[in-house]
Amino acid sequence: MRKQKKQKFEILENIRIEEMVAEGKCLARHNNMVIFVSGVAPGDVVDLRVTRKKKSFLEAVPVAFRGYSELRVQPFCEHFGVCGGCKWQHIGYDTQLYYKQKQVKDNLERIGKVAMPEFDPILGSAKTRYYRNKLEFTFSPNGWLTNEQIKSVEEFDRNALGFHIPGRFDKILDIQHCYLQPDPSNAIRLEVRKYGREHGLEFFDVVKQAGFLRNLIIRTANTGELMVILQVFRNDQEDILGIMEHLKVTFPEITSLQYVVNPKGNETYHDLEVVCYHGLPYIHEEMEGIQFRVGPKSFYQTNAEQAYELYRLARELADLKGDELVYDLYTGAGTIANFVARQCREVIGIEYVPSAIEDAKINSQINNINNTTFYAGDMKDILSNELLERHGRPDVVITDPPRAGMHEDVVAKLLEVHANRIVYVSCNPATQARDLELLSTKYDVARVQPVDMFPQTHHVENIVLLIAK
Ligand SMILES: C[S@@+](CC[C@H](N)C(=O)[O-])C[C@H]1O[C@@H](n2cnc3c(N)ncnc32)[C@H](O)[C@@H]1O
């Protein structure tokens, strides 16, 4: 007798979703086993398909809903559930803030294991939609179709311009309307797609590494300046100039229109020449009258309004009186360094990416800020005894590391220098908590202030003030 084939993915029925936990996933339990579930809300009752089995936990996705959570609200975007962009739009903004605050508290208390003050309530974002100043869209000749679209596939032009399906480098969701970036972002994207389709320009196929239109970046600054960068695979000048001219005429509000020819295997263009077709090769963001020049390769905080709130809080916690030496670690394009420079004696900014340091210097120059010095290199090498001897021991350290947190050598150096204050800005409370535990031998945690930079997502930013013991 033939053996019955074992079902690959187990279905678990009638499971109540308990809590929102890390990375925007929810927790449920079945037979004493913990299950991490995406796309649900605490209080939902669901049937789950197990997608991953580990010794101590399972991962699963819902296949049917038997009851809906009271926390749910109607998602506003037609791409919800497929697009990776706004995964939390099925729960209201107050609930999102509640869980972000909880995420910070859980991480700091569970991992950090240090004495904590009362946490300040999370600072929500004034804008919960259209808050991003930068989006990057990818072209594809065979865009992802929804089940509805598959039924009538002949009606759909598969040439797509949108976002990657989460976890898929080769699948692009064609976006009709995106709620993340203000006007005229949607209009520009739709016009580029229309022009490409109507003129028979090939949308790039990442698997075959063939085609022409590759990627579109739109940056909408808070000064009203607008940058558009088109990435193409081949240097077909007639086609490039055709689409550039069309965009220039159709959107006179574009102040910086650029293109990059990228024949490489990936979409990164930091090592390629970006050609300015029209306008200036950069745009400006502004904060308290300080201008920040943003070039095609520059990093700038993507929620500019909330970045201002974040920096304002960081500066408040730094408690600058005018005579301090401040070290701004992981300074990026020197945004925090320049933002606090007028309130202190001197700022030393350190950052890994050399082009960001060039931007940081320009940002000081164009604002007549003369008390900043910037260094490019790996933090653990640059923050050396030699540097500390040259500039002196910092009174205040502001540190804003990447998600991985600070290298242990950098933490060791901060213990050694024993600054009066450390303002630790983090986009990952888990690694922040790990670093706080190490720092707690010489510093007390005095304030904890979560900030929401990314509504509709599980991401949370957190500022911690440490005071020397
Ligand atoms: C979260 S961003 C902070 C940017 C900046 N403070 C701002 O608000 O715009 C972290 C920065 O750390 C830089 N970085 C990452 N690893 C680094 C390292 N090992 N040494 C120095 N800088 C590093 C990244 O390039 C990035 O600019």
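User: Why is Leu58 called buried in this predicted model?

Analyst: The model is predicted, and the term rests on a count of neighbours. A residue is buried if 20 or more other C-beta atoms lie within 10 Å of its own. Leu58 has 20 other C-beta atoms within 10 Å, and therefore it is buried. Leu58 belongs to strand β6 (residues 57–67).

User: Which residues are in contact with Leu58, leaving aside its neighbours within four places in sequence?

Analyst: Leu58 is in contact with Met33, Ile35, Val50, Arg52 and Lys53, its neighbours within four places in sequence being left aside. Leu58 and Phe36 are 22 residues apart in sequence, yet their C-alpha atoms are 6.3 Å apart in space.

User: Is Asn368 buried or exposed, and why?

Analyst: Asn368 counts as exposed, because it has 7 C-beta neighbours inside 10 Å and the limit is 12 or fewer. Asn368 is located in the loop between α7 (354–366) and β18 (372–376).

User: How do you know that the peptide bond between Asp183 and Pro184 is cis?

Analyst: The omega of the bond joining Asp183 and Pro184 is about 5°, and the bond is cis. Most peptide bonds are trans. Pro184 lies in the loop between β9 (172–174) and α3 (185–198).

User: Which residues does UniProt list for "binding site"?

Analyst: The unreviewed UniProt entry lists Gln301, Tyr330, Glu351 and Asp400 under that feature. In the model, the residues that come nearest to the ligand, of the 17 around it, are Tyr330, Gly332, Tyr352, Met379 and Asp400. The shell around the ligand divides into ten nonpolar, four polar and three charged residues.

User: Why is Gln301 called buried?

Analyst: Gln301 has 22 C-beta neighbours inside 10 Å, and so it counts as buried, the cut-off being 20 or more. Gln301 lies in the loop between β15 (290–294) and α5 (304–318). Residues up to four places away in sequence not being counted, Gln301 touches Ala307 and Thr335.

User: What makes Glu351 buried?

Analyst: With 27 other C-beta atoms within 10 Å, Glu351 is buried, again by the cut-off of 20 or more. The residue is part of strand β17 (residues 346–351). Beyond its neighbours within four places in sequence, the contacts of Glu351 include Tyr330, Thr331 and Gly332, as well as Ala356, Ile357, Ala360 and Ala376.

User: Why is Cys427 called partly exposed?

Analyst: Partly exposed covers the counts between exposed, at 12 or fewer, and buried, at 20 or more. Cys427 has 18 other C-beta atoms within 10 Å, and it is therefore partly exposed. Cys427 sits in the loop between β20 (421–426) and α11 (429–439). Leaving aside its neighbours within four places in sequence, Cys427 is in contact with Arg403, His459 and Glu461.

User: Where does UniProt place the feature "active site"?

Analyst: The unreviewed UniProt entry places this feature at Cys427.

User: Which residues touch the most other members of the largest nonpolar core?

Analyst: Val228, Ala314, Val340, Val423 and Ile463 touch the most other members of this core, which has 94 residues. Helix α5 supplies the largest share, eight residues.

User: Why is this core said to lie between domain 2 and domain 3?

Analyst: Both domain 2 (95–127 + 303–468) and domain 3 (134–281) give residues to the core, so it lies between them. A second, separate core has 17 residues, among them Ile15, Ala28, Ala41 and Ile91.

User: Which residues are in contact with Ala314, leaving aside its neighbours within four places in sequence?

Analyst: With those neighbours left aside, Ala314 is in contact with Ile336, Ile398, Val423, Val425 and Ile463.

User: What separates the centres of domain 1 and domain 2?

Analyst: The centres of domain 1 and domain 2, taken over C-alpha atoms, are separated by 36 Å. Domain 1 spans 11–67 in the domain assignment.

Definitions and conventions
Residues numbered from 1 in each chain as written. Predicted model: local features only at pLDDT ≥ 70, side-chain atom pairs only at ≥ 80, totals over all residues. Near = placed C-beta within 6 Å. Nonpolar A, V, L, I, M, F, W, Y, C, P; charged D, E, K, R; others polar. UniProt positions renumbered as here; feature names shortened; annotations may be inferred. Helix = DSSP H or I, 4+ residues; strand = E, 2+ residues; numbered from the N terminus. Contact = placed C-beta atoms within 7 Å. Core = buried A, V, L, I, M, F, W, Y, C linked by C-beta atoms within 7 Å. Domains from an automatic or database assignment.
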